[in-house]
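Open the model in your viewer and keep the selection panel at hand. This tour tells you what to pick next and what is there.

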Amino acid sequence: MRKISNVFWITVALVLAAVAYGAFAPENFSAITGNMQAFITSSFGWYYLLVVSAIVIFCLFFIFSPVGQLRLGKPDEKPEYSRMSWFAMLFSAGMGIGLVFWGAAEPLSHFAISPATATPESQEAFRESMRYTFFHWGIHAWAIYGIVALSLAYFQYRKGAPGLISSTLRPILGDRVDGPIGTIINVLAVFATVVGVATTLGFGAVQINGGLAYLFDLPISFPVQVVIIIIVTILFIFSAWSGLSKGIKYLSNTNMVLAAILLILIVIVGPTLLIFNTFTDSIGMYLQNIIQMSFNAAPVDKDLRSWIDGWTVFYWAWWISWSPFVGVFIARVSRGRTIREFLGGVLLLPALISFFWFSAFGATAMDVQTKGTDLTGLLTEETLFAVFHDLPMSMILSAVAILLVAIFFITSADSATFVLGMQTSYGSLHPPNAVKLTWGIAQSTIAIILLSTGGLGALQNALIIAALPFSFVMILMMISLYKALDHEKKELGLMIRPKRRKK
């Protein structure tokens, strides 16, 4: 069996310590992490806005730069997966489950519960809700994933470096990435992944339980959630054992088919014209206001400042905390693509599909709300099913949604076990099954323990806290990547347009 790195043992110890703290002193753990998370989002909101905006600009620069033609691999290397399978895998790992969970709930919240600036349930609140939802799930989110994935793929497949976060910093840190500094960076990335996926499993079990409760009066209880986690664990471990080309690929393709079916059904049975009008209008509002939203720190408006901290800044921190996991996975399935194709695929296509998804489910939810069915008092995990209840074919819609949620959770956890195995076995592209099995069982066990003590919220706070130091790592990754690409550009004589010949 391949050698297991020190990162494995250090991270296991840290995770066990955090879980033990959350299990035996849940109130104290929740209070401390909650205070830290609130301090970070309120005191460093301006910093997150600047960093994430810089990441977006950085990605767009490389799309149009001469280095965009460079291939993530050997010059004549072909992509390992078809475009459809590639997109399905990166989308499923990136935020597929989030679209199902928040598809109706977030626009509804911005519209009827807590609008940013507009009067609740007004026309302005409707447009504002979609604009901010597009902003939170659009180009900015995917740019965060994209820059981590691009750095990893470039250094691993073009330069032959191990597939570790620390390896991307060699141009500026040199051989120090092989020592304690590199270990700290990799431990931080693995810790964020473990905690993120454990909380996702926990919240996912709650959501599936909520859907089953709404449909079949199944009790919302800890034993039911444990059964759900055990079933999902068995399925994703089996998938992870079969490898990327079989398990994750087939499940991701299935996800895309189910998501397309659910989306088409909603467009047909929902307010069709409103959906298309909302999609068109919201894209215009998003593009018109993207710069203002990107830098809006609301320095003299306390209410708006609080709203931005609770939504935009929280999302930016959340995407950053997930970027090691999603970035490593996207890099793994993107070998052989050019930088331009990679960034175009990662930034633009998922964002566009997310926009139409939120237009369909968000507009439908707000339409149901304005027609007299109050959705504002429901739990977030029940909102989608309550919207379906007011539509034709509600049972079919709900059944497809539950199946889609379950498979999205399997693919997310499956991807995470691969990434964790890779990051704790010196960047191996084929981590040992024993390591993947260990991480799979560990993630599920953590989720069950925290569900039993009510500690998922505190662990989520811990994830947001971990995002702050990793944001500094991302800044270093951008500097390192630019330095390496600029050197290669000069070495290969790449330029936007050819030099004029002297007469």
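**Stop one: a surface patch**

Select W46, which sits in helix α3 (helices are DSSP runs of H or I, at least four residues, numbered from the N terminus). This is a predicted model: local features need pLDDT of at least 70, side-chain atom pairs count only at pLDDT 80 or more, and totals for chains, interfaces and linings use all residues. Residues are numbered from 1 along each chain as its sequence is written, and side-chain values use heavy atoms, without hydrogens or water.

W46 counts as partly exposed because its relative accessibility is 48% (buried is under 20%, exposed over 50%, partly exposed in between; 1.4 Å probe, protein chains only).

With W46 they make a nonpolar surface patch of about 460 Å² accessible area together (residues over 30% relative accessible area with no salt bridge, nonpolar side chains joined within 5 Å; a salt bridge is a Lys or Arg side-chain nitrogen within 4 Å of an Asp or Glu carboxyl oxygen). Colour α3 (45–64) and α13 (272–295): each supplies at least two patch residues.

**Stop two: the largest cavity**

How many cavities of 30 Å³ or more does the structure hold? There are 4 (a cavity is a set of 1 Å grid points where a 1.4 Å probe fits but cannot get out; lining residues have an atom within 4 Å of a point). The largest has about 40 Å³ of space.

Select its lining: L201, G204, A205, I208, I228, I229, V232 and F409. Two elements give two or more residues here, α10 (180–216) and α11 (222–242). α10 gives the most, with 4. Colour by type: 7 are nonpolar, 1 is polar and none is charged.

Notes. 1 Å grid on protein atoms, 1.4 Å probe; cavity = no way out; pocket = protein on both sides within 12 Å on 5 of 7 lines; lining within 4 Å. Points joined across faces, edges and corners; volume = space filled by probe spheres on them. Nonpolar A, V, L, I, M, F, W, Y, C, P; charged D, E, K, R; others polar. Patch = residues over 30% accessible without salt bridge, like charges linked within 9 Å, V, L, I, M, F, W, Y side chains within 5 Å. Areas by Shrake-Rupley, 256 points an atom, 1.4 Å probe, with all protein chains shown as cover.
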